[in-house]
Amino acid sequence: MALVGGAGGGLVALALALAEKDPGSRCPGPHNAIGAPLNLVFVGLCAAAFLAGGLLSDFARGRDDIEDAPQSARDRTWLQAVLVAVLAVLFGLLAYETYSLLLLDTNPQSSLWPITWFVRCLSTITTLSTVATLLVVGIMSAFFGKSLWYRPRTFKPRPRTR
Amino acid sequence: MGVRRSPFARASNFLIRERSVSVLISLLVVLALGGAVLRVFFFHSWFLWFWAMTAFTALELLATAAWDLLEDLRRGRLHLVTDHPAPWGEWAQVALVPLLLLAGIVFDHFVAH
């Protein structure tokens, strides 16, 4: 679902770019592009989707103690390598965001835009892009809630009724 | 009758036994000290500091995961994140992420902007 959401977001951006709806030229104040109450809708949807993604995943979960198959050392190492790669990408994106914001702080004409500014502008161009952006961030937040909200699964035996 | 140990000795034994907790506390201390340095000397706006701290936190997580990967590759035993059951209650673990999420939203909305 997250891959579909991410791909959907990319397609929306590509479609808008091909339709000559460049968000940069239509967004004079990108930092405050999303005003109230739309900003609250975005924040509320992200938080709700995050929590829903985590809670709904409980229905598909079983018991840690009997269902986790033993992993080989090779599998564990590969999983750890993937984690390192994902965190490296995350660090790169956040470092770019900080750097681009710092550049804009000293030089407002800087051509390096923060990722969040681009998303803010993109989501306000048309009603369709607002709805599409809401959908994409909802899917991504739900995925993050499913993957990042750790809750231990403990086994509580049910009392027998007989 | 058992020998009563001082609270310091008990805390010290606990931190030695629970390596993940020691690492978590160390990372939080580094985060706090680094955050203070960044705020005082580099980022004079809360907004820029907030984003710098997200990158700094990601860097700490990356360093921790990279260390554990190296331990996996060299068949070492000094992993920073262990697979021991957490020494605190289930509800503390369940509440941690939603509380941090809420704190992040509140800080971003009311302080950083």
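# Close-up views of a predicted model

**Figure 1. The largest nonpolar core lies in chain A and has eleven residues.** In this predicted model, the members are A:I34, A:F42, A:C46, A:A49, A:F50, A:A132, A:V136, A:I139, A:M140, A:A142 and A:F143. Two elements of chain A, helix 2 (38-56) and helix 6 (127-148), each give two or more residues to this core. Helix 6 of chain A gives the most, with six residues.

**Figure 2. Helix 2 of chain A crosses helix 6 of chain A at roughly 40°.** The two axes come within 6 Å. The crossing is right-handed.

**Figure 3. Residues of helix 2 of chain A meet residues of helix 6 of chain A.** From helix 2 of chain A come A:F42, A:L45, A:C46, A:A49, A:F50, A:L51, A:A52, A:G53 and A:G54. Helix 6 of chain A brings A:L134, A:V137, A:G138, A:S141, A:A142, A:F143, A:F144, A:G145 and A:K146. By class, this contact has twelve nonpolar, five polar and one charged residues. Residues including A:F42, A:C46, A:A49 and A:F50 take part in this contact and belong to the largest nonpolar core. On the helix 6 side, A:A142 and A:F143 are among the contact residues, and both are core members.

**Figure 4. Chain A is built from six helices and zero strands.** Along the sequence, the pattern reads α-α-α-α-α-α. Chain A has 162 residues, and 22% of them are buried. Which share of the chain A contacts with a separation of 6 or more comes from residues 24 or more positions apart? The share is 78%.

**Figure 5. Chain B touches chain A through 22 residues of chain B and 27 residues of chain A.** On the side of chain B that touches chain A, helix 3 (46-73) and helix 4 (90-112) of chain B each supply at least two residues. Which helix of chain B gives the most to that side? Helix 3 of chain B does, with 15 residues. By class, the chain B side has 17 nonpolar, two polar and three charged residues.

Notes. Residues numbered from 1 in each chain as written. Chains lettered and ligands numbered in written order. Predicted model: local features only at pLDDT ≥ 70, side-chain atom pairs only at ≥ 80, totals over all residues. Helix = DSSP H or I, 4+ residues; strand = E, 2+ residues; numbered from the N terminus. Buried ≥ 20, exposed ≤ 12 C-beta atoms within 10 Å, placed from the backbone. Contact = placed C-beta atoms within 7 Å. Nonpolar A, V, L, I, M, F, W, Y, C, P; charged D, E, K, R; others polar. Core = buried A, V, L, I, M, F, W, Y, C linked by C-beta atoms within 7 Å. Axes fitted to C-alpha atoms, helices over the stretch in contact; angles between N-to-C directions. Left-handed = near helix turned anticlockwise from the far one by under 90°.
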